[in-house]
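My notes follow in the order I made them.

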Amino acid sequence: MQPTILVTGGAGFIGSNFTLQWIAEEKTPLINFDKLTYAGNPENLRSLISEPLYSFHQGDICDRESFRSLLKEAAPRAIVHFAAESHVDRSIRGPDDFIRTNIDGTFSLVEEARAYWAELSASEQQAFRFLHVSTDEVYGSLGPQDAPFHESSTYAPNSPYSASKAGADHLVRAYHHTYALPTLTTNCSNNYGPYQFPFLTRFLPMIPWFLTSNSSLL
Ligand SMILES: NC(=O)c1ccc[n+]([C@@H]2O[C@H](COP(=O)([O-])OP(=O)(O)OC[C@H]3O[C@@H](n4cnc5c(N)ncnc54)[C@H](O)[C@@H]3O)[C@@H](O)[C@H]2O)c1
């Protein structure tokens, strides 16, 4: 049996692109753990329906028991954590789900990952990774003349979304420093591309009426 990776939020925009690319290029097993909120779209992964390397488990990252039993069953060599409430405007209208999923959910995952990792052999512990996918929005906003952010930029989240992601980043960092859990955190900028939920295209605004009536701008 080849080593498995466990992905959270694999039915979302970036998670589904990652999943498809992983199966196509790495050709090793991947389990997708996703709640299927409004942002999760199983259609993104339709091409994997009869793919033996892929399996799907519907679940909430805040449900520790469910995640724990999946860890036990799947024995992954890595966890890639995409699952989040990710839309800044929604976080302004209703922050509750963002705090729950992004902070409580990430806490649940690192706690369960820590307990799982502690039981691995020394060589498995060394090889294990918990990859937390975060955002550059934890660093705040840049003006046109400002220098780019870097990994040591000061955290200055400006929305409930970025504050919840910053809270998650700090938890992941703390689990590395306190318990030596092998974690990685990425803080990428906005992405765009296939399988993106139409109203979440932050990078390229959805204003076709504007473009069609101003074709000289195209
Ligand atoms: N899209 C971007 O431009 C961008 C930029 C920087 C960072 N990020 C980060 O990358 C990650 C993925 O972003 P995305 O745009 O693909 O998000 P998305 O909103 O498209 O997908 C999120 C996925 O997580 C799932 N999910 C939500 N709550 C869950 C829960 N409680 N339990 C289990 N699954 C749950 C959803 O069903 C969905 O499939 C997020 O952590 C986001 O913060 C995204």
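**Thr 19.** I started with Thr 19, which I found in helix H1. Helices here are DSSP runs of H or I with at least four residues, strands are runs of E with at least two, and both are numbered from the N terminus. Before going further I noted that this is a predicted model, where local features need pLDDT of at least 70 and side-chain atom pairs count only at pLDDT 80 or more, while totals for chains, interfaces and linings use all residues. Residues are numbered from 1 along each chain as its sequence is written.

Is Thr 19 buried or exposed? Thr 19 is buried, because 29 other C-beta atoms lie within 10 Å. The cut-offs I used are 20 or more other C-beta atoms within 10 Å for buried, 12 or fewer for exposed, and partly exposed in between, with C-beta atoms placed from the backbone.

Next I listed what Thr 19 touches: Val 7, Gly 10, Leu 30, Asn 32 and Leu 45, leaving out residues up to four places away in sequence. Contact means C-beta atoms, placed from the backbone, within 7 Å. I also checked Ile 31, twelve residues from Thr 19 in sequence, and got 9.0 Å from C-alpha to C-alpha.

**Ligand shell.** I looked up which elements supply at least two shell residues each, and got helix H1 (13–26), helix H4 (96–118) and strand S5 (129–135). There are 31 residues around the ligand, and Gly 9, Gly 12, Ala 39, Gly 40 and Ala 84 come nearest. A residue counts as near if its C-beta atom, placed from the backbone, lies within 6 Å of the molecule or strand.

By class, I have 13 nonpolar, twelve polar and six charged residues in the shell. Nonpolar covers Ala, Val, Leu, Ile, Met, Phe, Trp, Tyr, Cys and Pro; charged covers Asp, Glu, Lys and Arg; the others, Gly among them, count as polar.

**H4 against H6.** How do the axes of H4 and H6 cross? I found that they come within 8 Å and cross at roughly 15°, with helix H6 spanning residues 160–179. That angle makes H4 roughly parallel to H6. For the record, under 35 degrees is roughly parallel, over 145 roughly antiparallel, 65 to 115 roughly perpendicular, and the rest oblique. Axes are lines fitted to C-alpha atoms, for helices over the stretch in contact, and angles run from 0 to 180 degrees between N-to-C directions.

On the H4 side I noted residues including Phe 98, Ile 99, Phe 107 and Arg 114, and on the H6 side residues including Tyr 161, Lys 165, Leu 171 and Tyr 179. The residues of this H4 and H6 contact split into twelve nonpolar, four polar and two charged.

**H2 against H4.** Helix H2 (residues 64–74) and H4 have axes that come within 10 Å and cross at roughly 35°. I noted a right-handed crossing for H2 and H4 too. Arg 64, Phe 67, Arg 68 and Leu 71 of H2 make the contact with Ser 108, Leu 109, Glu 112 and Tyr 116 of H4. I sorted the H2 and H4 contact into four nonpolar, one polar and three charged residues.

**Phi check.** Most residues other than glycine have a negative phi. I wrote down Ala 180, not a glycine, with a positive phi of about 65°. Ala 180 sits in the loop between H6 and S6, and counts as exposed because it has 12 C-beta neighbours inside 10 Å.

Tyr 195 has a positive phi too, about 70°, and is not a glycine either. I placed Tyr 195 in the loop between strand S6 (183–188) and helix H7 (208–213). With 17 C-beta neighbours inside 10 Å, Tyr 195 counts as partly exposed. Beyond four places in sequence, Tyr 195 touches Phe 13, Ser 16, Asn 17 and Asn 44. Asn 41 is 154 residues from Tyr 195 along the chain, yet their C-alpha atoms are separated by 8.3 Å.

**Gly 140.** My last stop was Gly 140, in the loop between S5 and H6. Gly 140 is partly exposed, with 17 other C-beta atoms within 10 Å. Its contacts, aside from neighbours within four places in sequence, are Ala 156, Pro 157 and Asn 158.

Technical notes:
Contact = placed C-beta atoms within 7 Å. Left-handed = near helix turned anticlockwise from the far one by under 90°.
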